[in-house]
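Subject: Handover of a structure and notes on it

Dear colleague,

Please find below the structure that I am handing over to you. My notes on it follow.

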Amino acid sequence: MDLYVERGEDMQLVVNNITKSFGEKEVLHGVSFTVESGRAMGFLGRNGAGKSTTIRCLMDVFHPDSGNFLLDGSPFKPRSLKIGYLPEERGMYQKNGVLAQLTYFAMLRGASMADAAASANHWIDYFGLGEYKNKKLETLSKGNQQKIQIAQSFLNEPNILILDEPFSGLDPVNAQIFQNAINEFVKEGRLVIFSSHQMSYVEEVCDDVTLIHNGDILLSGDLDLIKLEEGRDKLFLSVLSGDTAWEKALSNAFPALGIIPGDDGLILDTKGRVSQGDIMRWLNEERLTVRRFGLYEPSLNDIFIKKAGD
């Protein structure tokens, strides 16, 4: 008998005002955000920010002190749902064969022996590990062990995929294979949430992001809209010049302009009071060679540093 409740598309997971303390130290201070199916959500934060604690509370590894988790308006019960979960601390059996233990995990999640073996074989082959099916896990390289850990989270085609630091230990080629698997799940309307320190992967995969810092949510929502808001009234300017005297001249010409050093150029905060056209005319009058000038779109890494950096 299948132990798990199947969920349809258009799922919504609500994390509602979660608090959690260890001893006298409160590590989560009313954490709230929403995750929609068909949209990968990146859960970001520095070491110790509260990412793993939030995920462990969600998976009922820890019990929150207050707040709740809702799936489509009903209490979230991970043991009765079809969930793929990759914890930050990996915990597979080093002395057991790869295929045997993946089949075992799939059966624990409600699959028949035949279906479990089929799912295990599929994901082993998907991650290019067919030659290691009958090898003990301990004989594989660390990178291949990580791929087996990841494969177990995809067993039985879960409707919900929760991944804690999934890209850790993967080389760029294997990271791309894993990224493709996530993209396929998202396109199929599944609910995907993962935490990561690697902003480039989050930026490529995720539609939404949530940033937690010291147990508080700093921002959450559509990544494109967050970038648009963070870049509002800002321009990026890069000039070919042998010195930086022109930067002071620019500041003198436009006292209201905020000038922020950026990568290979300047971020200009117009504050809505200086037009792009006026700056362009000044650059022409000064006979400066412009390498790049236009609207500023911050990277996710820029936003992360600005919001969570000390």
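The protein chain has ten helices and 14 strands; helices (H or I, at least four residues) and strands (E, at least two) are DSSP runs, numbered from the N terminus. This is a predicted model, in which local features need pLDDT of at least 70 and side-chain atom pairs count only at pLDDT 80 or more, while totals for chains, interfaces and linings use all residues. Residues are numbered from 1 along each chain as its sequence is written, and side-chain values use heavy atoms, with hydrogens and water left out.

Overall dimensions and burial

Taken along the principal axes, the box filled by the C-alpha atoms of the protein chain is roughly 75 × 45 × 35 Å. The chain has 310 residues, of which 48% count as buried; buried means under 20% relative accessible area, exposed over 50%, and partly exposed in between (1.4 Å probe, protein chains only). Among the contacts in the protein chain with a separation of 6 or more, 69% join residues 24 or more positions apart, contact meaning heavy atoms within 4.5 Å.

The nonpolar cores

A nonpolar core is a set of buried Ala, Val, Leu, Ile, Met, Phe, Trp, Tyr and Cys residues joined through side-chain atoms within 4.5 Å. The largest one has 49 residues, and Leu102, Phe154, Phe178, Ile182, Phe194 and Val209 have the most contacts inside it. Helix α5 (residues 172–187) gives the most to this core, with six residues. Ile182 is in contact with Phe154, Leu163, Phe167, Val192, Phe194 and Val205, leaving aside its neighbours within four places in sequence. A second, separate core of 27 residues includes Leu13, Leu58, Leu71 and Leu191.

Helix α7

In helix α7 (residues 223–230), the buried residues are Leu223, Ile226, Lys227 and Glu230. They lie on the same side of α7 because they cover an arc of only 100° around the axis, the arc being that of the directions from the helix axis to the C-beta atoms. Asp224, Leu225 and Leu228, on the other side of α7, are exposed. The elements against which the buried residues of α7 pack are α6 (199–205), β9 (208–213), β10 (216–222), β11 (234–240) and α10 (300–308). The N-terminal end of α7 is capped by Asp222, with a side-chain oxygen 2.9 Å from the backbone nitrogen of Asp224.

Strands and sheets

Strands of a sheet pair through backbone hydrogen bonds, either parallel or antiparallel. Here, two strands pair if DSSP finds at least two bridges between them. The antiparallel strands β11 and β14 are joined by six bridges, and Phe236 stands opposite Gly294 in β14.

Elsewhere, strand β1 (residues 12–22) pairs with strand β2 (residues 25–36) in the antiparallel sense over nine bridges. Ser21 has Glu26 in β2 as its bridge partner. These two strands, β1 and β2, form a hairpin with two residues between them, and Gly23 in the turn has a positive phi of about 65°.

Residues in loops

Most residues other than glycine have a negative phi. Asp60, although not a glycine, has a positive phi of about 65°; Asp60 is in the loop between α1 (51–58) and β4 (66–71) and is partly exposed, with a relative accessible area of 28%. Lys271 is not a glycine either, and has a positive phi of about 55°. The loop between β13 and α9 holds Lys271, which counts as partly exposed at 39% relative accessibility.

Lys82, in the loop between β5 (74–75) and β6 (83–86), counts as buried at 19% relative accessibility. A polar atom of the Lys82 side chain lies 3.0 Å from the backbone oxygen of Asn156.

With kind regards

Technical notes:
A polar contact is a pair of N or O atoms within 3.5 Å; within protein, one must be able to donate a hydrogen and the other to accept it, and residues adjacent in sequence count only if both atoms are side-chain atoms.
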